[in-house]
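Biologist: I have a chain to look at with you. Can we go through its surface, its fold and its pocket, one question at a time?

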Amino acid sequence: MDSGGGGGGDSSGGAGAAAAAAKWRTDATRAFQYYLDRSTPHATGRWVGTLVVAAVYALRVLSIHGFYIVSYGLGIYLLNLLIGFLSPMVDPELDPSAAAHDGPALPTRGSDEFKPFIRRLPEFKFWYAITKAFVIAFVMTFFSVFDVPVFWPILLCYWIVLFVLTMKRQILHMVKYKYVPFNIGKQKYGGKKGGASSSSSKD
C-alpha cells in the first residue's frame, strides 16, 4: 500500500517537473523572440555583434589549433547563404516570364509598376543564419569528436577556389539579367529635405 502511494507521488512530482520545464522553455522562447524582433531595425548593431561572435570563434580555433573541418563546413554554409542573399527571389533562368523580358527592367510607361530587387534570402534571415552558424560552430569546438585531423591548407585552397568560381558565376548572372542586389548609389527620398526646401522658399 505504502509503496503504491510512493509511486504515485513520484509520478506526480515528475509530471510537475516536466510541466515546469515546459513552461520555462516556452517563456525563454517567447523572451528570445521578443528581443529578436526588437533587434530587427538595428542592422548595424546586429552585424557588429556578429563580427564579435566571429572573432571569438576565430580566436578559439587559432588558440587550440584544431577543428579545421568544422571551419571548412562553416565556410561552405556561409558561402551558400551569401549566394541566397545576392540572388533574386525569382530566378530569371527558372521563370520563363522573367526570362522573356530579359530580367528585371525599369518601367517605360506611366502605367508600368517598378518592382524593386527582392532577395531570395532577406537581410535579417541572412544575419540570423550566419550568427547562429558561428554560435553552433563555437559550441562544436568543445567536443573532441568533431576535431577530425586534416591538412588545413588543402581545405583553405579548395574553399578559395570554390568561392572564386561561385562568385564569378553569380556576377555573370547579375550582368546577364541586369540587376544589382545592393542599394549603394541608388537615389533616396526623404521628407525632411522637402520640408526644409519649402520653408526656405517661404522665407
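Predicted model: local features only at pLDDT ≥ 70, side-chain atom pairs only at ≥ 80, totals over all residues.

Biologist: Which secondary structure pattern does the protein chain follow?
Modeller: Helices (H or I, at least four residues) and strands (E, at least two) are DSSP runs, numbered from the N terminus. The count is seven helices and zero strands. Along the sequence the pattern reads α-α-α-α-α-α-α.

Biologist: What percentage of the 203 residues count as buried?
Modeller: Buried means under 20% relative accessible area, exposed over 50%, partly exposed in between (1.4 Å probe, protein chains only). Across the protein chain, the buried share is 22%.

Biologist: Is L79 buried or exposed?
Modeller: L79 sits in helix α3. Contact means heavy atoms within 4.5 Å. Beyond its neighbours within four places in sequence, L79 contacts L162, F163 and T166. Its relative accessible area is 6%, so L79 is buried.

Biologist: How far apart in space are L79 and W159, C-alpha to C-alpha?
Modeller: In sequence, L79 and W159 are 80 residues apart. In space, the C-alpha to C-alpha value is 9.4 Å.

Biologist: Which helix gives the most to the lining of the second largest pocket?
Modeller: A pocket, on a 1 Å grid over the protein atoms alone, is an open set of points where a 1.4 Å probe fits, with protein on both sides within 12 Å along at least five of seven lines; lining residues have an atom within 4 Å of a point. The second largest pocket has a volume of about 530 Å³, and of its 19 lining residues the closest to the centre are S71, Y72, G75, L156 and W159. α2 (43-64), α3 (68-86) and α6 (152-177) each supply at least two lining residues. The top contributor, with eight residues, is α3.

Biologist: How many residues of that lining are charged?
Modeller: Ala, Val, Leu, Ile, Met, Phe, Trp, Tyr, Cys and Pro count as nonpolar, Asp, Glu, Lys and Arg as charged, and the others, Gly among them, as polar. The lining has 17 nonpolar and two polar residues; the charged ones number none.

Biologist: Is S39 buried or exposed?
Modeller: S39 lies in the loop between α1 (2-38) and α2. Not counting residues up to four places away in sequence, S39 touches R46, F124 and W127. With 16% relative accessibility, S39 is buried.

Biologist: What is the phi of F67?
Modeller: Most residues other than glycine have a negative phi. F67 is in the loop between α2 and α3, and F67 is buried at a relative accessible area of 5%. Its phi is positive, near 60°.

Biologist: Is K178 buried or exposed?
Modeller: K178 lies in the loop between α6 and α7 (191-202). K178 is not a glycine, yet has a positive phi of about 55°. Its relative accessibility is 55%, so K178 counts as exposed.

Notes
Residues numbered from 1 in each chain as written. Heavy atoms only, no water. Points joined across faces, edges and corners; volume = space filled by probe spheres on them.
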